[in-house]
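Please look over the sequence and the structure before reading on.

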Amino acid sequence: MTETKSDKSNFLLRNTQHALIVEDNAGPARFLLEIFAKKGVHADLADNKKTALDLLEKNSYSLVFTNIQLKPACDLPVKELAGLELLRHIKTNFPGIHVVMISNEQPKDILSQQKLISLAVQTVH
C-alpha cells in the first residue's frame with residue numbers, strides 16, 4: 001500500500017502536541033491555527049523570524065510550519081527568505097524538530113521553483 005501525502009501529514013499531526021507556526025499573513029495563519037486546533041495540537045504563532053527564534057528558545061516544539069518568505073521584523077515592505085534562515089537555525093540547534101516549509105506566493109517559473117527547492121535542501125546539508 002502506497003503512503004499518501006495525507007497519511008504523512010496526519011501522522012505528523014497525530015504525533016505533535018505543541019507546534020510553532022511562522023506566518024506573517026493573518027489569513028493563512030488563522031487557517032493553520034484552526035487546522036491544528038481541530039487536530040488537538042496546541043500551536044503558537046510568530047509573525048517574523050525574530051519572534052520565532054525567541055519562542056524556540058522558550059518552548060519545546062516537535063513541529064514548525066514556516067513560510068519561506070517573511071517580512072523583516074523592522075516592518076520594511078520587502079520580504080526576505082527568512083524562512084530558510086530559520087530552517088538552518090532549527091536544523092543546527094534543534095535537530096529533532098520537524099519543519100514544513102510553505103509559501104503563499106507562486107514562483108514565476110519552474111526554474112525559480114527549482115532554485116527555491118535547491119536552496120532549502122542546501123540549507124539543511
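Which residue stands opposite His 98 in β4? The residue is Leu 63, and strand β3, to which Leu 63 belongs, is treated in detail below. The model is predicted. The chain contains five helices and four strands, and its elements follow the order α-β-α-β-α-β-α-β-α from the N terminus on. Of its 125 residues, 32% are buried. Among the contacts with a separation of 6 or more, 65% are between residues 24 or more positions apart.

**The sheet**

- The four strands form an open sheet in the order β2-β1-β3-β4, and the pairing is parallel.
- Strands β2 and β4 are the edge strands, each of which pairs on one side only.
- Averaged over the sheet, and with direction ignored, neighbouring strands are turned by 20° against each other.
- Five bridges connect β1 and β2 in the parallel sense, and His 18 has His 42 in β2 as its bridge partner.
- Strand β1 (residues 18-22) also pairs with β3 in the parallel sense, over four bridges; here the bridge partner of Val 22 is Thr 66 in β3.

**The enclosed strand β3**

- Five of the five residues of β3 are buried, so the strand is largely enclosed by the rest of the structure.
- In a regular strand, side chains alternate between the two faces of the sheet.
- Both faces of β3 are covered: Leu 63, Phe 65 and Asn 67 are buried on one side, and Val 64 and Thr 66 are buried on the other.

**The aromatic pair**

- A pair of aromatic rings is described by the distance of the centres and the angle of the planes.
- The count of aromatic pairs comes to one.
- This pair is formed by Phe 36 and Phe 65 and is edge-to-face, with 5.3 Å from centre to centre and 85° between the planes.
- Distant parts of the chain are linked by the pair, since Phe 36 lies in helix α2 and Phe 65 in strand β3 (residues 63-67), 29 residues apart.
- Phe 36 and Phe 65 are both buried.

**Helices α3 and α4**

- Helix α3 (residues 49-58) and α4 have axes that come within 10 Å and cross at roughly 20°.
- An angle under 35 degrees counts as roughly parallel, and α3 and α4 are therefore roughly parallel to each other.
- The crossing in which α3 passes α4 is right-handed.
- On the α3 side, Lys 49, Ala 52, Leu 53, Leu 56 and Glu 57 take part, and they meet Ala 82, Glu 85, Leu 86, His 89 and Ile 90 in α4.

**The loop residue Val 41**

- Val 41 is placed in the loop between α2 (26-38) and β2 (42-46).
- The C-alpha atom of Val 41 is separated by 5.0 Å from that of Gln 17, although the two residues are 24 residues apart along the chain.

Key
Residues numbered from 1 in each chain as written. Predicted model: local features only at pLDDT ≥ 70, side-chain atom pairs only at ≥ 80, totals over all residues. Heavy atoms only, no water. Helix = DSSP H or I, 4+ residues; strand = E, 2+ residues; numbered from the N terminus. Phe/Tyr/Trp six-rings, centres within 6.5 Å; stacked < 30°, edge-to-face > 60°. Buried < 20%, exposed > 50% of the residue type's maximum accessible area, 1.4 Å probe, protein only. Pairing = 2+ DSSP bridges. Axes fitted to C-alpha atoms, helices over the stretch in contact; angles between N-to-C directions. Parallel < 35°, antiparallel > 145°, perpendicular 65-115°, else oblique. Left-handed = near helix turned anticlockwise from the far one by under 90°. Contact = heavy atoms within 4.5 Å.
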